[in-house]
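Please open the structure in your viewer and keep the selection tool ready.

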Amino acid sequence: MLTRRKLVEEFDPSADHRTYTRRSGEPVPKEPIRIVPIINKTLHQCERQDKRAYMPPSRPGGDRAKFCVHPSQSSGCRRQVQFVLLDAKRDNTQPDPRKWRIFDIGHESHRRIQGYLFEAWKRRVNNVTRVWEDVKLRYDALMVLGELDAIVEVNGVRVVVEVKTMSKGLFEKMAVPKVSWVWQAHLYMKAVGLASAILLVENRDNAQMREFWVPFDQKVWDQIEFDTLEVLVDTEDAKVSRANPDPGDCMWCNYTTLCKSVPMQRKIDFERVWAA
Ligand code: SF4
């Protein structure tokens, strides 16, 4: 039996929590692991907010990796994935401050939830025995580079935890997780060799939480592999990938000017795509 002192010694907030050694052959747990009860129990145990010992430090956003497929965009319009992969010329529009404020709110939510998970580890709530945060990952076969929010180990079973935030209206309407989130979770699972993931969604307006259990599904993975390889092969052949936006995608896309100028071209003019 571990003593309380020993537990606290094992929890080391200064250790490297971003490096994760890939596992293989991880089984899907018989029972889904649930994160919301862990967070709620942890917060019950914290008598006062300022007793929480660990909060991951804020990290500057920084530039995203270039010339790779980003897991969060993997399921979007094929042409957009290609433009991101090529680090193509973005629209010459003023950055929208409101958009950045929304991103900042999202980042802070992630940081706060990671803090709850670390506190759960420290207190061994519901047998949480290890937490990694902002784990860097790569999956070379599909040129994927990224970072996942957290890996949580409960009773020796490890799961990927991906945090999402959304407005009250969307949160209340959501019956199933978005396809893009499920794809993202699959890329993460494949890259770190785990068999299950949890999509943890927080309502930005009232802090309600929901979670979706996502076991690795080979059919989903086959589709991801097929679609991503299509973009990689197009790019190697200097061919513009097909445009298949979902409703609303173009409104948020950073490449609308470039996209309009190339739809009928069969070959990518690399000089033009990169022109400053
Ligand atoms: S503007 Fe629309 S169609 Fe073109 S790359 Fe962006 S999302 Fe795809």
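Helices here are DSSP runs of at least four residues, numbered from the N terminus. Please note that the model is predicted.

**The shell around the ligand**

Begin by selecting the ligand. Which helices each supply at least two residues of the shell around the ligand? They are α3 (78-85), α8 (249-252) and α9 (256-261). The largest share comes from α3, with three residues. Next, display the residues that surround the ligand, among them Arg79, Gln80, Phe83, Asp249, Cys250, Thr256 and Cys259. Cys77, Ala243, Pro245, Cys253 and Tyr255 also belong to these surroundings. Coloured by class, the shell shows eight nonpolar, two polar and two charged residues.

**Helices α2 and α4**

Now select residues 36-45, which form α2, and residues 97-123, which form α4. Their axes come within 9 Å and cross at roughly 70 degrees; the two helices are therefore roughly perpendicular to each other. On the α2 side, show Ile38, Ile39, Thr42, Leu43 and Gln45, which meet Tyr116, Glu119, Ala120 and Arg123 of α4. This contact comprises five nonpolar, two polar and two charged residues.

**Helices α6 and α7**

Finally, select α6 (residues 179-192) together with α7 (residues 218-236). How do their axes cross? The crossing is at roughly 95 degrees, and the axes come within 10 Å. Helices α6 and α7 are therefore roughly perpendicular to each other. From α6, display Val182, Trp183, His186, Leu187 and Lys190; from α7, display Val220, Trp221 and Ile224, for these residues make the contact. By class, six of the contact residues are nonpolar, one is polar and one is charged.

Definitions and conventions
Residues numbered from 1 in each chain as written. Predicted model: local features only at pLDDT ≥ 70, side-chain atom pairs only at ≥ 80, totals over all residues. Axes fitted to C-alpha atoms, helices over the stretch in contact; angles between N-to-C directions. Parallel < 35°, antiparallel > 145°, perpendicular 65-115°, else oblique. Contact = placed C-beta atoms within 7 Å. Nonpolar A, V, L, I, M, F, W, Y, C, P; charged D, E, K, R; others polar. Near = placed C-beta within 6 Å.
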